[in-house]
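The entries follow the order in which I looked.

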Amino acid sequence: MILDKIVEDKKIRLAEHKKNIDAVQMRRMAEEAMDRKYAANTFYDNLKKPGISIIGEFKQASPSLGKIDSRIDLAERIRAYSDSVDAISCLTEEDHFLGNTGYLKEIRTQTTLPILRKDFMIDPYQFYEAKAIGADAVLLIAAILDDVQMKDFYQLARSLELDVLVETHDEKEIERALKFDPRIIGVNNRNLNDFSISLETTGRLRKEVPKDKIFVAESGIMSDADVAYLKRVGADGFLIGRALMEAADPRLLARRWKQENL
């Protein structure tokens with residue numbers, strides 16, 4: 001499965017990162033960052049406010065799509081996102097999504113929106129690194145973590161004042177996630193085995209998530225019809241990558257999709 005390959009490659013990259021900045025120094029950098037405030041509001045607060053929330057993603061590529069054809073540069077994109085979405089997701093995985101921490105640091109200088117570090121988080125080092133580079137939130141993927149890791153990483157993130165989007169794919173993963181009472185749960189509509197997309201995954205799993213949680217639909221959101229369906233089944237927010245990355249004007253697209261009468 002491609003997910004196993006990504007995790008194995010991540011372990012190799014982590015070893016390289018730790019050679020450049022060791023764990024003790026990275027933790028010190030994270031602690032120093034605790035006194036800094038970059039975003040106007042927290043990731044959680046921006047998703048919690050009334051109406052549909054959109055997390056606009058910046059990514060260069062993905063295993064399923066290959067390299068993404070972005071029509072505007074990073075600076076123009078962040079200006080558009082700052083005017084229209086509620087948070088920004090930045091891919092920092094190097095080998096399969098062509099991301100890096102440098103992109104997140106650059107985005108941090110250009111916006112006061114909260115930033116989600118989207119990566120394959122498997123080591124405490126990455127959470128300290130996320131805090132040090134200016135992230136406001138991190139992604140926890142249930143499919144690559146056991147119950148102890150999920151709980152421990154969640155608590156570590158919160159101790160660093162990072163919000164957490166817990167990504168799930170099925171009923172069992174939601175059941176596991178709810179054991180440590182996260183505030184934000186996402187459902188990835190992409191099948192991890194064959195990378196097919198089914199928005200009905202969000203519809204099916206909505207009933208499994210308590211209404212006091214923020215419920216985010218991820219992947220496969222490409223059209224007005226997709227957005228209308230996900231609103232109808234009860235999603236509180238959307239994490240949108242490809243559609244916004246390929247849009248000539250992501251500002252207009254995001255604003256349209258947030259309209260209540262779509």
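Leaving aside its neighbours within four places in sequence, which residues is E93 in contact with? Taking contact as heavy atoms within 4.5 Å, I found I6, K10, L98, G99, K118, D119 and F120. Before going on I noted that this is a predicted model, in which local features need pLDDT of at least 70 and side-chain atom pairs count only at pLDDT 80 or more, while totals for chains, interfaces and linings use all residues. I also noted that residues are numbered from 1 along each chain as its sequence is written, and that side-chain values use heavy atoms, with hydrogens and water left out.

**Entry on E93.** I placed E93 in the loop between β4 and α5; helices (H or I, at least four residues) and strands (E, at least two) are DSSP runs, numbered from the N terminus. E93 is buried yet has no salt bridge, and K10, the nearest side chain of opposite charge, is 5.3 Å away. Here buried means under 20% relative accessible area, exposed over 50%, and partly exposed in between (1.4 Å probe, protein chains only); a salt bridge needs a side-chain nitrogen of Lys or Arg within 4 Å of a carboxyl oxygen of Asp or Glu; and for charge, Lys and Arg count as positive and Asp and Glu as negative, with His and the chain ends not counted. I did find that the side chain of E93 reaches the backbone nitrogen of D95 at 3.1 Å. K10 itself belongs to a network of salt bridges with E94, R117, D119 and E129.

**Entry on salt bridges.** How many salt bridges does the rule give? The count comes to 26, and I looked up three of them. K258 and D86 meet at 2.9 Å, N to O, and this pair links distant parts of the chain, with K258 in helix α12 (residues 250-258) and D86 in the loop between α4 (74-82) and β4, 172 residues apart. D86 is buried at 2% relative accessible area, whereas K258 is partly exposed at 25%. K213 and D181 meet at 2.2 Å, N to O, joining the loop between α9 (200-205) and β9 (214-218) to the loop between α8 and β8, 32 residues apart; K213 is buried at 7%. E208 and K207 meet at 3.9 Å, N to O, with E208 partly exposed at 32% and K207 exposed at 64%.

**Entry on rings.** I searched the whole structure and noted four aromatic pairs, where rings of Phe, Tyr and Trp (its six-membered ring) pair if their centres lie within 6.5 Å, and planes under 30 degrees apart count as stacked, over 60 as edge-to-face and the rest as tilted. One of them is F97 with F120, tilted, at 5.9 Å centre to centre and 35 degrees between the planes. F97 lies in the loop between β4 (87-91) and α5 (101-108) and F120 in the loop between β5 (115-118) and α6 (124-133), 23 residues apart. F97 is buried at 12%, and F120 is buried at 8%. I then looked up Y154 and F180, whose planes stand at 50 degrees with the ring centres 5.1 Å apart, so this pair is tilted. Y154 lies in helix α7 (residues 147-159) and F180 in the loop between α8 (171-178) and β8 (184-188), so the pair ties together parts 26 residues apart in sequence.

How values were computed:
A polar contact is a pair of N or O atoms within 3.5 Å; within protein, one must be able to donate a hydrogen and the other to accept it, and residues adjacent in sequence count only if both atoms are side-chain atoms.
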